[in-house]
Amino acid sequence: MQMIRLKTKLALFNLLSKLVFTALFLVFLPWIIERINLRQVDNDLIQKREKTIDLISATGIEPFINSDTTGAFGSFNILKEEYISLEKTDGSEEINEITVSDRIIEDEVITYRVLNYTFQADGETYLLEIGKSLETITRGRNNIYRIILGFLAFIILITLATDLQYTRLILKPLELITKKLREISSPAKFDMNPVKTNTSDFAALDKALIELMVKIEDSFRKEKDITVNISHELMTPISVMRSKLENILFQKETGEETAIKIEESLKTLQRLQSLVNSLLMIARIESRQYLLEETVEVADLLAEITDELRPVAEDKKVELKEEFNDKGSFTKANRPLLFSMFYNVINNAVKNTGQDGRITVGTALTAGVFSVKISDSGRGMTKKQLDNLFSRFSSRRENDEDGTGIGLAIAKSIADLHGIDVSVSSTPDKGTDFSFIFPKNS
Amino acid sequence: MNVLIVEDELSLATEIASFLKSENFLCDMAITGNEASEKIAVNLYDFILLDLGLPDYNGLDLIKEARKAGSEASFIIITARGAVEDKVKGLDLGADDYIAKPFALVELLSRINAVARRKFSIVSQDITLGEFTMQVQARKLVCNGDQVDLTKKEFDLLQYLVLNRGKVLTRQQLYEHIWGNILDDQYDSNFIDVHIKNLRRKLNLHTATPWLETVRGVGYRVSPD
């Protein structure tokens with residue numbers, strides 16, 4: 001799954017919500033402005049009507065309409081933005097409305113918003129029309145529209161910038177905490193100084209993490225003490241027995257038959273020693289006693305191992321092929337452990353591949369991910385064997401007298417420690433493929 | 001040479017002493033830290049084999065004490081802990097080598113000899129093996145003037161057998177010497193057989209090698225003469 005940082009998520013959400021609101025606003029804006037603008041225009045027309053009526057009641061209708069005229073009065077300004085007309089009407093109905101209609105003034109058709117109003121004067125009914133050209137109205141509306149848009153863009157930019165700055169500021173402690181986590185290779189290395197913050201959630205998180213690290217470190221230390229003690233308690237008796245047996249073997253009076261029996265006992269003791277060491281190794285790996293502080297060129301490491309195993313493979317007439325397509329520089333690693341892991345798997349492949357077989361050890365870099373593949377043309381494994389492959393003691397093969405059957409379990413713990421993903425596929429009598437997918441950025 | 005064995009497990013100390021005596025060392029034993037401390041103060045030793053797991057004493061303190069008292073003894077640390085820190089600390093304090101339990105007695109001997117060669121700047125003498133000459137210093141094997149082409153591992157294997165001439169070495173002892181015990185979960189007796197087989201084949205191209213013996217059911221040996 002694609003991972004996104006919290007900071008980015010918040011910023012994206014911020015931007016998105018602003019865009020949605022702006023879009024909604026822009027959809028309704030023309031309508032709102034239209035409404036406001038029309039109301040403004042209508043109020044204006046009504047005010048003009050009041051003024052005209054006031055004027056007529058003060059001076060009478062005479063100055064506008066008298067017997068000389070045709071019974072009508074009209075006036076418009078130069079650009080024909082507004083006009084006013086007054087005429088006698090015989091309609092008995094009262095009109096007081098605002099409409100939109102076309103008027104022809106000096107051979108030009110102009111659309112006006114027109115106020116129609118009838119009133120009585122001197123016993124006659126007059127119709128007053130006051131018009132304002134729609135073009136003027138629209139121009140006014142567009143101006144308002146432009147100003148609002150500019151202001152809106154300005155506000156969005158300002159708030160976006162401050163939002164980003166502010167989220168960065170409040171998320172800083174969280175970033176410090178995750179950085180602390182990312183940088184450590186073992187709990188003991190965790191920075192126990194609390195991160196400075198006044199956000200209680202972050203403080204609680206930090207505190208919980210510190211407490212957790214102290215606990216883990218403590219249990220690791222205990223486990224380490226146990227492994228040290230077990231190691232001492234088991235290795236000392238093994239050492240005593242081994243020295244005694246070896247001394248017997250070196251004595252001149254020891255006969256051939258006795259020597260063979262002594263060597264058999266030494267072999268058994270060796271298996272016990274291997275087993276204890278393997279279990280201790282797993283315990284040490286799982287209690288993080290190995291430091292991951294080296295940078296390893298994986299291809300070089302693999303070449304070292306294949307060189308080591310080549311004489312044995314050649315003796316069995318097994319071809320050991322290298323296909324290194326990438327060097328694979330891996331940081332935060334423990335070289336001896338990685339050596340042990342690959343050695344285990346390649347050695348297993350050699351053991352399980354018969355005469356004229358082939359083992360390929362390859363590396364590749366695909367889409368920034370480094371991987372190692374170890375394929376053999378050996379006898380393969382059944383589904384059941386495959387399922388138990390990494391469990392302790394289960395992978396011991398019948399013809400492997402020296403092994404403890406724990407090698408692959410160790411390999412798996414080493415892979416887990418390094419964050420390496422191991423997968424195995426196998427077909428009986430065809431062969432086995434081991435894939436090691438390394439963590440990214442390695 | 002005088003050796004002090006500091007080891008709280010008496011039976012192990014006895015075995016080490018009995019082996020080293022057969023190799024013409026003079027051995028003394030201390031089974032507690034206090035005893036060791038007293039002996040170091042009074043006697044002069046060339047070697048001190050020091051078990052770090054002493055119940056009454058931090059083994060590393062003994063090195064400090066000895067150095068303060070002006071002892072020139074070489075320390076070889078024996079530990080069952082296998083913890084890397086101990087090894088590093090021990091070597092920092094001036095220990096000369098480090099060996100983990102359980103170890104092979106011949107390996108201990110070879111470490112002691114290596115430290116002694118370094119300490120007294122002994123130049124290794126060339127060794128004659130039938131018609132072959134092993135030039136130890138130059139790490140070369142020569143047969144009647146021709147150099148025998150050996151891999152590093154094959155040479156190490158032969159040299160180890162030669163240094164322990166007359167002793168039968170088991171496959172495990174040879175394996176541990178060549179590969180160390182880092183990989184002992186991968187110990188495979190077949191490895192040694194393969195390398196000896198290759199070694200014999202290369203040597204036999206020059207001349208027969210009756211001195212390189214396979215001891216049935218036990219291991220390999222370079223005959224005494």
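This is a predicted model: local features need pLDDT of at least 70, side-chain atom pairs count only at pLDDT 80 or more; totals for chains, interfaces and linings use all residues.
I begin with a run of strands in chain A. Strand E3, residues 96-105, pairs with strand E4, residues 108-121, in the antiparallel sense, and 10 bridges join them. Within this pairing, A:Ile104 has A:Val109 of E4(A) as its bridge partner. The hairpin of E3(A) and E4(A) has 2 residues between the strands, and there A:Glu106 takes a positive phi near 50°.

E4(A) also pairs with strand E5, residues 124-133 of chain A, again antiparallel and over 10 bridges.

I turn next to two helices of chain A. Helix H5, residues 298-315, packs with helix H6, residues 335-351, at an angle of about 30°, and their axes are 10 Å apart. The crossing of H5(A) past H6(A) is right-handed. Among the residues that make the contact are A:Leu302, A:Ile305 and A:Leu309 of H5(A), together with A:Phe339, A:Phe342 and A:Ile346 of H6(A). By class, this contact of H5(A) with H6(A) has 12 nonpolar residues, 2 polar ones and no charged ones.

Finally, I come to the two chains together. In chain B, 38 residues are in contact with 37 residues of chain A. On the chain B side, helix H1 (10-22) and helix H8 (189-204) are the elements that give two or more residues. H8(B) gives the most, with 7 residues. That side of chain B has 16 nonpolar, 13 polar and 9 charged residues.

Thank you for your attention.

How values were computed. Residues are numbered from 1 along each chain as its sequence is written. Chains are lettered from A and ligands numbered from 1 in the order in which they are written. Two residues are in contact if their C-beta atoms, placed from the backbone, lie within 7 Å. Helices (H or I, at least four residues) and strands (E, at least two) are DSSP runs, numbered from the N terminus. Ala, Val, Leu, Ile, Met, Phe, Trp, Tyr, Cys and Pro count as nonpolar, Asp, Glu, Lys and Arg as charged, and the others, Gly among them, as polar. Axes are lines fitted to C-alpha atoms, for helices over the stretch in contact, and angles run from 0 to 180 degrees between N-to-C directions. A crossing is left-handed if the near helix is turned anticlockwise from the far one by less than a right angle, and right-handed if clockwise. Two strands pair if DSSP finds at least two bridges between them.
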